[in-house]
Amino acid sequence: MTRYRIRVSRDTPVSGAFEWAALDGKGAVLESGSATLDHTTLRGPCEVVIAADLVLLEKLAVPAAQQRRVAASLRFLAEDVALADPERLHVAAESAPAKDSLGVCIIDRQWLKALLAKLEQCGLVARSAFPECLLPPLAPGGWSVVWNGAESFARIGKVEGFALDHAGPGEVPMALRLAVQKAAPERIELRAAPGVPPPDARRWAAVLGVPVEPGAPWRWAESQARPGLELLQREFAPRGAEDGWRRRLQRPALLAGALLVVVSCGIAADWWAKARERRQLVAQMHAIYRETFG
């Protein structure tokens, strides 16, 4: 069954520009291209890949016993990290958090709302959304850096990654330098997007002090693995998820309704029996009174 995956950037809600790919049931790319939402023939459900510079990935210290209870207040927990009004934030949590830590993805709430509305207007319904920087696979102890000009990024953990600042020719992005100094990975795999000249891996290795190995070209549509962090949660959950939730509750609701009917009938029968017994007792009392006093 064919499904669509689209990649959006910061100006997509305004300009409508996006990249797309049609995937078969095994995730192989059948077709791909670029278009605008106002002039596209794509229709139906789709997966949304969001450019790295639009999201902030962080780990929050949350005790395991509290992780399920803090879902509604995540944006307030992330306020210190994002430095923004919590009402402007949408914060999604990873589906399988580690003990005493919770990976979260922070994104501008109004931007996401405008994007989903624009997609729906054009006949595309987002069923899933995740950051592009969580798509490259990770080797044990290693990082993955994708070089894509102004939209370059690094993935450094299961739910950890960040956008890279723009660096001049031959220079290493400052964000990557600081991250390497802090975490010291064993190696870095450097992948360039098609049509983008790759950086000098040997120079990067000399500057960063860790091995930097050229990797396969980066094609966002070909990634098979799905991140464990879904952006469409709570208020942005797709309608299909709500329908599935309702379907799961349908049988328990029917059983509860049937039980209520049975209990109501039992109460009514008991009330009728007691009322009948009361009438019989009153009739007997009247009969005894007439026999005694006339």
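The legends below describe close-up views of a predicted model. Local features need pLDDT of at least 70 and side-chain atom pairs count only at pLDDT 80 or more, while totals for chains, interfaces and linings use all residues. Residues are numbered from 1 along each chain as its sequence is written, and side-chain values use heavy atoms, with hydrogens and water left out.

**View 1. The open sheet E3-E2-E1-E4-E8 has five strands and mixed pairing.** Helices (H or I, at least four residues) and strands (E, at least two) are DSSP runs, numbered from the N terminus; two strands pair if DSSP finds at least two bridges between them. Strand E3 (29-36) and E8 are the edge strands, each pairing on one side only. Neighbouring strands are turned by 25 degrees against each other on average, direction ignored. Strands E1 (residues 3-8) and E4 (residues 44-50) run parallel and are joined by five bridges; Tyr4 has Cys46 as its bridge partner in E4. Helix H4 (residues 109-121) packs on the sheet and touches E1, E4 and E8, where contact means heavy atoms within 4.5 Å. The direction of H4 makes about 145 degrees with that of E8; axes are lines fitted to C-alpha atoms, for helices over the stretch in contact, and angles run from 0 to 180 degrees between N-to-C directions.

**View 2. Ser128 sits in strand E8 (residues 124-131).** Its relative accessible area is 5%, so Ser128 is buried (buried means under 20% relative accessible area, exposed over 50%, partly exposed in between, with a 1.4 Å probe and protein chains only). The side chains of Ser128 and Glu230 are joined by a polar contact of 2.5 Å. A polar contact is a pair of N or O atoms within 3.5 Å; within protein, one must be able to donate a hydrogen and the other to accept it, and residues adjacent in sequence count only if both atoms are side-chain atoms. Leaving aside residues up to four places away in sequence, Ser128 touches Cys46, Glu47, Val48, Arg226, Glu230 and Leu232.

**View 3. A five-stranded open sheet runs in the order E11-E10-E9-E12-E13, with mixed pairing.** Its edge strands are E11 (160-163) and E13, each of which pairs on one side only. From one strand to the next the twist averages 20 degrees. Four bridges pair E10 and E11 in the antiparallel sense, and Arg155 has Gly161 as its bridge partner in E11. H5 packs on this sheet against E9, E10, E11 and E12, at about 180 degrees to the direction of E9. H6 also packs on the sheet, touching E9, E12 and E13, and its direction makes about 165 degrees with that of E13.

**View 4. The structure holds two aromatic pairs.** Rings of Phe, Tyr and Trp (its six-membered ring) pair if their centres lie within 6.5 Å; planes under 30 degrees apart count as stacked, over 60 as edge-to-face and the rest as tilted. Trp147 and Trp204 are edge-to-face because their planes stand at 85 degrees, with ring centres 5.6 Å apart. Trp147 lies in strand E9 (residues 142-147) and Trp204 in helix H6 (residues 201-208), 57 residues apart; both are buried. Phe153 and Trp218 form an edge-to-face pair, 6.2 Å centre to centre with 80 degrees between the planes. Phe153 belongs to strand E10 (residues 153-157), and Trp218 to the loop between strand E13 (212-214) and helix H7 (239-293). Phe153 and Trp218 are buried.

**View 5. Ala184 has a positive phi of about 50 degrees although it is not a glycine.** Ala184 lies in the loop between helix H5 (174-183) and strand E12 (187-192). With 54% relative accessibility, Ala184 counts as exposed.
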